[in-house]
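Here is a short briefing on one protein chain and its ligand. Keep the sequence and the 3D view open while you read.

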Amino acid sequence: MSTPQGTPAGKHHAPEAGNGRSGVPLVRLVNAGKRYGAVIALHDINMEVGAGEVTCVLGDNGAGKSTLIKIIAGLHAPSTGSYEVEGTPVSFSSPREALEHGIATVYQDLAVVALMPVWRNFFLGNEVRKGPRMDIGAMRKMCKDELLAMGIDLRDVDQPIGTLSGGERQCVAISRAVHFGAKVLILDEPTAALGVKQSGVVLKYIVQARERGLGVIFITHNPHHAYPVGDRFLLLNRGASIGNYEKNQVTRDELTGLMAGGSELEQLSHELESAGGAVADLGRSMEADVEELGISHQPDAESDAR
Ligand SMILES: Nc1ncnc2c1ncn2[C@@H]1O[C@H](COP(=O)(O)OP(=O)(O)O)[C@@H](O)[C@H]1O
Ligand SMILES: [Mg+2]
């Protein structure tokens, strides 16, 4: 999204979108699949994301979670099946196009510039201008107000974003997406690298985003993080759905049991093996995203700020 749009009023359910059960879902995948050459990364996935709901996508490494969010975020088209946004079939050619339809993705390794102030990162690529100059005062104030509206009280939005904790950085990214008018917020394992307390903080902002009427897609492999905040749960295993539940259809213990599946040792060795590849993958896809979104560091805009 290239222009700041102000914030949507705090609502539990955006009336025009409905809540997925009674109205048109914000996002709908029907029998969606994705092949990479001979590899079937995703097969026959059905999914709905309603306004004011959190849809959790659970699965182990290699389950197809990243592939699924890449389809929704506009990085890949599904090889089979269909993808609808607010009832209309779409075929995005870039993440920017998805963003223009209100679909924002917050990646685990956030594309932030550690040494730049919080407000500067908040507006990166969407700077507010007054004539030829950046309106720094306005951006500082909007950033502080938006963070406060999400319940984040930063003493100083001028501090480098690198001084914030991982959880706080996730929260800034969430409030940024809300500020720029996201309808759907995709969070890729936002709690995976965090401790218990920081995870709790991020879970709280997931609930905040839901209460402001967004449809949240929360990717995680931790059922203990998913269950308290989720309204729907899609479980993936080797690219296929092994369950799609509304909250009243499944207990936390059942969810944990479904996730545990194989033996823990097998899981551990698999995780160790794929960790290296996943890190490299993420780096590559982040680079592509940053380029795609045109939010790379711009030297002239920067000197402007000083
Ligand atoms: N670009 C790609 N080329 C070939 N295979 C891929 C590619 N991306 C993912 N895969 C494969 O698709 C499957 C699902 O991967 P992924 O969506 O990354 O799972 P997750 O995010 O749940 O760990 C894995 O078997 C993975 O090796
Ligand atoms: Mg992944």
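Residues 24 or more positions apart make up 73% of the contacts in the protein chain with a separation of 6 or more. Two residues are in contact if their C-beta atoms, placed from the backbone, lie within 7 Å. This is a predicted model: local features need pLDDT of at least 70, side-chain atom pairs count only at pLDDT 80 or more, and totals for chains, interfaces and linings use all residues. Residues are numbered from 1 along each chain as its sequence is written, while chains are lettered from A and ligands numbered from 1 in the order in which they are written.

**Overall make-up**

- The protein chain has 10 helices and 12 strands. Helices (H or I, at least four residues) and strands (E, at least two) are DSSP runs, numbered from the N terminus.
- Of its 306 residues, 42% count as buried. Buried means that 20 or more other C-beta atoms lie within 10 Å of the residue's own; exposed means 12 or fewer, and partly exposed is in between, with C-beta atoms placed from the backbone.

**Ligand 1 and helix 1**

- Ligand 1 is surrounded by Tyr36, Val39, Ala41, Gly59, Asn61, Gly62, Ala63, Gly64, Lys65, Ser66, Thr67 and Gly239. A residue is counted as near if its C-beta atom, placed from the backbone, lies within 6 Å of the molecule.
- Strand 2 (39-49) and helix 1 (65-72) are the elements that give two or more residues to this shell.
- Helix 1 supplies the largest share, 3 residues.
- By class, the shell holds 4 nonpolar, 7 polar and 1 charged residues. Here Ala, Val, Leu, Ile, Met, Phe, Trp, Tyr, Cys and Pro count as nonpolar, Asp, Glu, Lys and Arg as charged, and the others, Gly among them, as polar.
- Helix 1 is largely enclosed by the rest of the structure, because 8 of its 8 residues are buried.
- Those buried residues are Lys65, Ser66, Thr67, Leu68, Ile69, Lys70, Ile71 and Ile72.
- Gly74 follows helix 1 and has a positive phi, near 90 degrees.

**Strand pairing**

- Strand 1 (residues 27-36) and strand 2 run antiparallel and are joined by 7 bridges. Two strands pair if DSSP finds at least two bridges between them.
- Val27 has Val49 of strand 2 as its bridge partner.
- The hairpin of strand 1 and strand 2 has 2 residues between the strands, and Gly37 takes a positive phi there, near 60 degrees.
- Strand 1 also pairs with strand 4, in the antiparallel sense, over 5 bridges.
- In strand 4, Val85 stands opposite Val27.

- Asp44 belongs to strand 2. Its phi is near 55 degrees, a positive value in a residue other than glycine.
- Asp44 is partly exposed, because 15 other C-beta atoms lie within 10 Å.
- Glu86 sits in the loop between strand 4 (80-85) and strand 5 (88-89). Its phi is near 50 degrees, again positive in a residue other than glycine.
- Glu86 has 19 other C-beta atoms within 10 Å, so it is partly exposed.

**Helix 6**

- Helix 6 (residues 196-211) has 16 residues and reaches 23 Å from its first C-alpha to its last, close to the 22 Å expected at 1.5 Å a residue. The expected span is 1.5 Å times one less than the number of residues.
- Its buried residues are Ser199, Val202, Leu203, Tyr205, Ile206, Gln208, Ala209 and Arg210.
- They pack against strand 3 (53-59), helix 5 (166-179), strand 9 (184-188), strand 10 (215-220) and helix 7 (223-229).
- Why does Tyr205 count as buried? Tyr205 has 25 other C-beta atoms within 10 Å.
- Leaving aside its neighbours within four places in sequence, Tyr205 is in contact with Met150, Cys171 and Ile174.
- The C-alpha atoms of Tyr205 and Gly151 are 8.4 Å apart, although 54 residues separate them along the chain.
- Gly213 follows helix 6, with a positive phi near 95 degrees.

**Nonpolar core**

- The largest nonpolar core has 74 residues, and Val184, Leu185, Ile186, Ile206, Ile217 and Phe218 touch the most other members. Helix 5 gives the largest share of this core, 6 residues.
- Such a core is a set of buried Ala, Val, Leu, Ile, Met, Phe, Trp, Tyr and Cys residues joined through C-beta atoms within 7 Å.
- Ile206 is in contact with Val54, Leu187, Val216, Phe218 and Val229, leaving aside its neighbours within four places in sequence.
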